[in-house]
Amino acid sequence: MASVNLEMPPMDYGIRTGNQEVELNAVKGQMGSKTRGVSLTWNDLWVTVSTRKSGRKAILQGLTGYARPSELLAVMGPSGCGKSTFLDALAGRLDFSTRQSGVILINGHKQKLSYGTCAYLTQDETLLATLTVKEAVYYSAQLQLPDSMTKSEKIQIAEQTIKEMGLQDAMNTRIGGWGNKGISGGEKRRLSICMEILTRPKLLFLDEPTSGLDSAASYYVMSGISRQKEGRTIVASIHQPSAEVFNLFHSLCLLSSGRIVYFGPASAAIQFFARNGFPCPRLQNPSDHFLKTINKDFDEDVEQGSAGRKPTEEVIDLLVNSYKSSEEYHEVQNQVAEICQQGGEILEKRSHANFTTQGLVLTRRSSVNMFRDLGYYWMRFATYVAIALGLGSIYYDLGSNYRSVEERGLMVAFVVSFMTFMTVGGFPSFVEDMKVFQRENLNGHYGCCTFVIGNTLSSIPYVLLISFVPGAIAYFLSGFQNGFGHFIYFELVLFTSMMIVESLMMNVAAIVPNFLMGIVVGAGIQGLQILSGGFFQLPSELPDPIWKYPLYYMSFHKYAYQGMFKNEFEGLKFTDDQFGKNRIMSGEDILRERWQAEMAYSKWVDLAILVGTLILYRLVFLLIIKTNEKVVHARKASTSILSNRSSQIMAKSLPASPLHGLTSFDDSPTING
């Protein structure tokens, strides 16, 4: 095996536009300086997961290797071999159900993967379907790039990045999604990469960037990635690349059942397999041959005519043992030790846009998304208008007789209960927003507070629209109490109630991101609040345990019902024309006797309690996502431990400088090979 050149070319942060070159680091030094890049090494990396039957199961078993600047390392292997887990371990994204041991070093140091130094592209596409390619990248640039850069410089970088990924012809095309055709799958993958490389990160992790794409689209995606390798360390898991894509790889890490079958130059893998008795047939794709040789999922398939073939498990063991005793394995050990001895810079967190800028950008982006997404508010608006017309025609001109007392109560109950209940229709859009937020927050684009503020501010005009217009139609057709103040109060209660339900469904989306389960949970919570709100069963008739205490006082419907009742009945006189009577009843008597309203305080107190409930729900939403964020960071800081065996192996090769923790150590049991 030929020696591997350790020369690391300088990282170019320049963005060329015409004859000009815009240096990112030239703008007040915010984006870093030219360096030789980042070298990533890992030694004796183990990842295990707890199981009910066997206690713990090894997902990755003693992996050792490296990734260097200006090179593309491909991680290949059959489904379930541990490719995604391997990338998650390197990027510090493993969850609490896993336990990790081994040494992961960046430039010979243990250090954090701070914002701007690392980017991670997941398999799932999480993009706002209503935005165009240009808008998506531009908004992302506004969020990520520092305020020391001018708006024109950010636009220039965004457009240049789009051109680098070959998306210039689709700049003004919407991303598209269900029911709205947009850019192709390959273009979506390249767009996702665009949004992650705006800060010119030195480390780029790609999890199945060609998943779901045909061979042509896969090649265009990977060739676009390959063009971005200069000065950047790229690690990509890929399932089954074509021959053209395979030729783009510099290094290959071939996994099977969590073990390394081969690590080294991609071009030398064919000789390794041939040397061990598994030559690649002529004109066959090398990656197809490798995966077919080490895939044991179909050993029992009798239709394959496997008589006389050696069991795949034996083949894998043979290749793994051959690799461990080969020159390639010793060369990898030497390269890891040499990279660690050379050391390098400590990566520093880069700055991004400030809180105010991010809040404004998120508000604007969310507003554009809400305006263009028909299912977010417009379909609900049309439905609300239709229902309001129905209510107005059914309860047209209620009058002031005894029957109108019940009809006014039913009208208020329907508006408060069912018109707000229909806000669950926006749950699918909430879920998509949460997916985008979780990806961008995990990659450090912005924080939880800016997301909550931006989402709240952008939703207020639309909720005001879908509450004001239908509310006005129902209010005036039914002949509710005259007076501008009464009408405004009615609208304020309806608007606040809708905002409360939206906040409730966002809390559900943050906890239960599954669409069907979220709808069921959100509808169930609202159903309990409606039942205990004091209309369908009067407060004095509610059972004391649970229903009266605490549900009755926790339900926002209680305060919406009573506020609207007071707004509607106070100051009016009604004629009791039942059974030949003509007794005059005051609205206050009806409130006390018929609706059992609490008259010790005014309707404005009920509205104030509703506003407080809205603020509380939004704060709970912030608390939930903030807790999830802290859990993710705690997970990064606790899942990796330094094993005794790895410490002994690396002790001689590590520099004398102190270690800067990529992940902090814990007292978990050490996993040895």
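In what order do the six strands of the open sheet lie? In this predicted model, the order is S7-S8-S9-S5-S10-S11, and the pairing is mixed. Strand S7 (118-121) and strand S11 (259-265) form the edges, each pairing on one side only. From one strand to the next, the twist averages 15 degrees.

Let's look inside that sheet. Strand S8 (residues 203-207) and strand S9 (residues 233-237) run parallel and are joined by five bridges. One of the residues involved is Leu203, whose bridge partner in S9 is Thr233. As a reminder, strands of a sheet pair through backbone hydrogen bonds, either parallel or antiparallel.

**The chain as a whole**

Stepping back, the chain contains 22 helices and 16 strands. It has 673 residues, of which 54% count as buried. Among contacts with a separation of 6 or more, 77% are between residues 24 or more positions apart. The accessible surface is about 28900 Å², and carbon and sulfur atoms account for 57% of that area.

**Helix H14**

Helix H14 covers residues 427-442, which makes 16 residues. After H14 comes Gly444, which has a positive phi near 80 degrees.

**Aromatic pairs**

The structure holds 42 aromatic pairs. Here are two of them:

| Pair | Centre to centre | Angle between planes | Type |
|---|---|---|---|
| Trp42 and Phe86 | 5.2 Å | 70 degrees | edge-to-face |
| Tyr262 and Phe272 | 5.3 Å | 40 degrees | tilted |

Trp42 sits in strand S3 (residues 40-51) and Phe86 in helix H1 (residues 83-91), so to speak two distant parts of the chain, 44 residues apart, linked by the pair. Both Trp42 and Phe86 are buried.

The other pair brings us back to the sheet. Tyr262 lies in strand S11 and Phe272 in helix H7 (residues 269-275), so this pair ties together parts that are 10 residues apart in sequence. Why does Tyr262 count as buried? Its relative accessibility is 0%, and buried means under 20%. Phe272 is buried too, with a relative accessible area of 0%.

Tyr262 and Phe272 also belong to a cluster linked by ring pairs, together with Phe246, Phe249, Phe273, Phe290, Tyr323 and Tyr329.

Conventions. Residues numbered from 1 in each chain as written. Predicted model: local features only at pLDDT ≥ 70, side-chain atom pairs only at ≥ 80, totals over all residues. Heavy atoms only, no water. Helix = DSSP H or I, 4+ residues; strand = E, 2+ residues; numbered from the N terminus. Buried < 20%, exposed > 50% of the residue type's maximum accessible area, 1.4 Å probe, protein only. Contact = heavy atoms within 4.5 Å. Areas by Shrake-Rupley, 256 points an atom, 1.4 Å probe, with all protein chains shown as cover. Expected span 1.5 Å × (residues − 1). Pairing = 2+ DSSP bridges. Axes fitted to C-alpha atoms, helices over the stretch in contact; angles between N-to-C directions. Phe/Tyr/Trp six-rings, centres within 6.5 Å; stacked < 30°, edge-to-face > 60°.
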